[in-house]
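Here are some friendly notes to read alongside the model. They go point by point, with the cut-offs given where a term first comes up.

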Amino acid sequence: MPKPGLRHVMTASLAAVGALALSLTGAPAQAATPLDYAALGDSYSAGSGVLPVDLTNLLCLRSTANYPHVIASRTGARLKDVTCGAAQTKDFTQAQYPGVAPQVDTLDADTDLVTLTIGGNDNGTFINAVTACAAAGVLSGGRGSPCKDSNDTSFDDQIDASTYPALKAALGSVRAKAPNAQVAVLGYPWIMPATADPSCFAKLPVASGDVPYLRGIQAHLNAVVRRAAEETGSRYVDFSRASEGHDACKPVGTRWIEPLLFGNSVVPVHPNALGERRMADQALNVLGLG
């Protein structure tokens, strides 16, 4: 019987080595199925004021560089972005504008991941508090605490009486429509520093004594958002530490939030592009997807 040639011996040896390697390592890994990801929420989720603008719905002033798009880009998720500027909790279950469906309508049993930021527009909490305190600050020349003196606990009372139950109901509607999803509720990054910064008065004309007052209102809102998230089985993404030192009084390149005046956005007191990226970073970290 003739002996096999050298070429046949080498071919057989290589095949045997290949078979052994395959048996040790297993079959080649298949690409993971992309997450079905739905982004809900208000202007902090929509990235209102951050360019470029999503031209599919100009009413919502949604950015294609908002934190949902950053998350989708980094994870390869299939994103359905229905975030909308000025959204309130009620807009999860009813149309915010003609032709704009309730936000939870984008959810179903196949949704894997939901992110959202919501609650700041309920009762006009953010806009009313900031504008009231800015007006009072201008009239007082930045001295005292005229906004606190005039409004006392009214903003906090509304948060407890109205915003909290509305948040819990809205998150319940998310859970009902997407029972298999991981739901991440993002808090609001700091707008104000912990104490007054005199050099910031031109950009945020809030009296020195009202700076901690406004920050306290935001802290209270975030605490209520956390409570509603935890009570509905959602994950809360906390920015109380991560956004410290990145408030609207800080310079460009450090601040995550644009100031009321002389900022770089057409939508003041909202996250800039850096803020949206950092919100995505924190959410990915909390969710274990980063």
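1. Which residues of the largest nonpolar core touch the most other members? They are Leu40, Phe92, Leu107, Val114, Leu116, Val174 and Leu186, in a core of 66 residues. Such a core is a set of buried Ala, Val, Leu, Ile, Met, Phe, Trp, Tyr and Cys residues joined through side-chain atoms within 4.5 Å. Helix α7 (residues 211-231) gives this core its largest share, nine residues. Helices (H or I, at least four residues) and strands (E, at least two) are DSSP runs, numbered from the N terminus.

2. A word on the source: this is a predicted model, where local features need pLDDT of at least 70, side-chain atom pairs count only at pLDDT 80 or more, and totals for chains, interfaces and linings use all residues. Residues are numbered from 1 along each chain as its sequence is written, and side-chain values use heavy atoms, with hydrogens and water left out.

3. Leaving aside residues up to four places away in sequence, Val114 touches Ala38, Leu40, Leu107, Val174, Ala178, Ala181, Gln182, Val183 and Ala184. Contact here means heavy atoms within 4.5 Å.

4. Next, the disulfides (pairs of cysteine sulfur atoms within 2.5 Å). Searching the whole structure gives three, and with bonded cysteines counted along the chain their pattern is 1-2, 3-4, 5-6.

5. Cys60 and Cys84 are joined with an S to S distance of 1.9 Å. Cys60 sits in the loop between α2 and α3 and Cys84 in the loop between β2 (78-81) and β3, so this pair ties together parts 24 residues apart in sequence. The link of Cys60 and Cys84 is left-handed, with -85° about the S-S bond. Both Cys60 and Cys84 are buried, that is, under 20% relative accessible area, with exposed over 50% and partly exposed in between (1.4 Å probe, protein chains only).

6. Cys133 bonds to Cys147 at 2.1 Å, S to S. Cys133 belongs to helix α4 and Cys147 to helix α5, so the bond ties together parts that are 14 residues apart in sequence. Cys133 and Cys147 are both buried, and their link is left-handed at -75° about the S-S bond.

7. For Cys200 and Cys249, S to S is 2.0 Å. This pair links distant parts of the chain, 49 residues apart: Cys200 is in the loop between β4 (182-186) and α7, and Cys249 in the loop between β5 (235-237) and α8 (273-287). Cys200 counts as buried at 2% relative accessibility, and Cys249 does too at 10%.

8. Some backbone spots deserve a check. Most residues other than glycine have a negative phi, and most peptide bonds are trans. The peptide bond from Leu51 to Pro52 is cis, with omega near 0°; Pro52 lies in the loop between α2 and α3 (67-75). Asn123 has a positive phi near 65° in the loop between β3 (113-116) and α4. Asp152, with a positive phi of about 50°, is in the loop between α5 (146-151) and α6 (154-177). Asn123 is partly exposed at 27% relative accessibility, and so is Asp152 at 47%.
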